[in-house]
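Q: Let's walk through this one together. Could you show me the structure, and then we'll start with its pockets?

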Amino acid sequence: MHPILADVTVTAIDLYKTLADIIGAGPLPCNEAPDSRSLLGLLAGEETFSDPVLHHSTIKGDLAIRWDQWKLIPGTKELFDLKNDLQELENLYEEYPAVVQKLSEKMDEIVTGVNNRENRTKEGSIPNIC
């Protein structure tokens, strides 16, 4: 693994803006791949980021958040330390209530932001370029 990416959560969504940057297609409209991040600066060693990432984590579609070493799946009350338990065998939900609280709040903040953005997009109130 690339040493810069060792502690960074990236997703396939990030390929969108990364490829757009490679071919010089930016800046993209605000509602085009709004959750994508370009990885070019990261890969070049010029920037770092540790943004939380939301994703579906179970077959039932439970929403999860990954941030730093932690993965929280609130719907199933699961918390994993991915730095020490990549296979997600030890549920630490009860042992780290402060981490659960912090990740839950961040997840709520992100979901609220996404919902607000979607509503503004439907209303046509998001400008073309950020």
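A: Happy to. The largest pocket holds about 400 Å³ of space. Of the 16 residues lining that pocket, D35, P52, V53, L54 and I110 sit closest to its centre. On a 1 Å grid over the protein atoms alone, a pocket is an open set of points where a 1.4 Å probe fits, with protein on both sides within 12 Å along at least five of seven lines, and a lining residue has an atom within 4 Å of a point. Grid points are joined across faces, edges and corners, and the volume is the space filled by probe spheres set on the points.

Q: Before we go on, what kind of model is this?
A: This is a predicted model, where local features need pLDDT of at least 70, side-chain atom pairs count only at pLDDT 80 or more, and totals for chains, interfaces and linings use all residues. Residues are numbered from 1 along each chain as its sequence is written, and side-chain values use heavy atoms, leaving out hydrogens and water.

Q: Which elements each supply at least two residues of the pocket lining?
A: Helices (H or I, at least four residues) and strands (E, at least two) are DSSP runs, numbered from the N terminus. Here β1 (53–56) and α3 (97–123) each give at least two residues to the lining of the largest pocket.

Q: How do the lining residues divide into nonpolar, polar and charged?
A: Ala, Val, Leu, Ile, Met, Phe, Trp, Tyr, Cys and Pro count as nonpolar, Asp, Glu, Lys and Arg as charged, and the others, Gly among them, as polar. For the largest pocket, the lining comes out as 8 nonpolar, 4 polar and 4 charged.

Q: What order do the elements run in, from the N terminus on?
A: The protein has 3 helices and 4 strands, and they follow the order α-α-β-β-β-β-α.

Q: Which way do β1 and β2 pair, parallel or antiparallel?
A: Two strands pair if DSSP finds at least two bridges between them. β1 and β2 are antiparallel over 4 bridges, with H56 opposite L63 in β2.

Q: How many bridges join β2 to β3?
A: Strand β2 (residues 63–67) is joined to β3 by 3 bridges, and the two run antiparallel. I65 faces L72 in β3, while R66 has K71 as its bridge partner. β2 and β3 make a hairpin with 2 residues between them.

Q: And how many bridges join β3 to β4?
A: You'll find 4 bridges from β3 to strand β4 (residues 78–81), again running antiparallel. K71 stands across from F80 in β4. This hairpin has 4 residues between its strands, and K77 in the turn has a positive phi of about 50 degrees.

Q: Are the β3 side chains buried or exposed?
A: Buried means under 20% relative accessible area, exposed over 50%, and partly exposed in between, with a 1.4 Å probe and protein chains only. In β3 (residues 70–73), W70 and L72 point one way, K71 and I73 point the other way, and all are buried. Across the 130 residues of the protein, 29% count as buried.

Q: Where else do we get a positive phi in a residue other than glycine?
A: D68 is one, with phi near 55 degrees. D68 lies in the loop between β2 and β3 and is partly exposed, at 45% relative accessible area. E88 also has a positive phi of about 55 degrees. You can look for E88 in the loop between β4 and α3, where its relative accessibility of 27% makes it partly exposed.

Q: What about R37, buried or exposed?
A: R37 is buried, at 14% relative accessible area, and belongs to the loop between α1 (14–23) and α2 (40–43). R37 and D51 are 14 residues apart in sequence and 9.8 Å apart in space, C-alpha to C-alpha.
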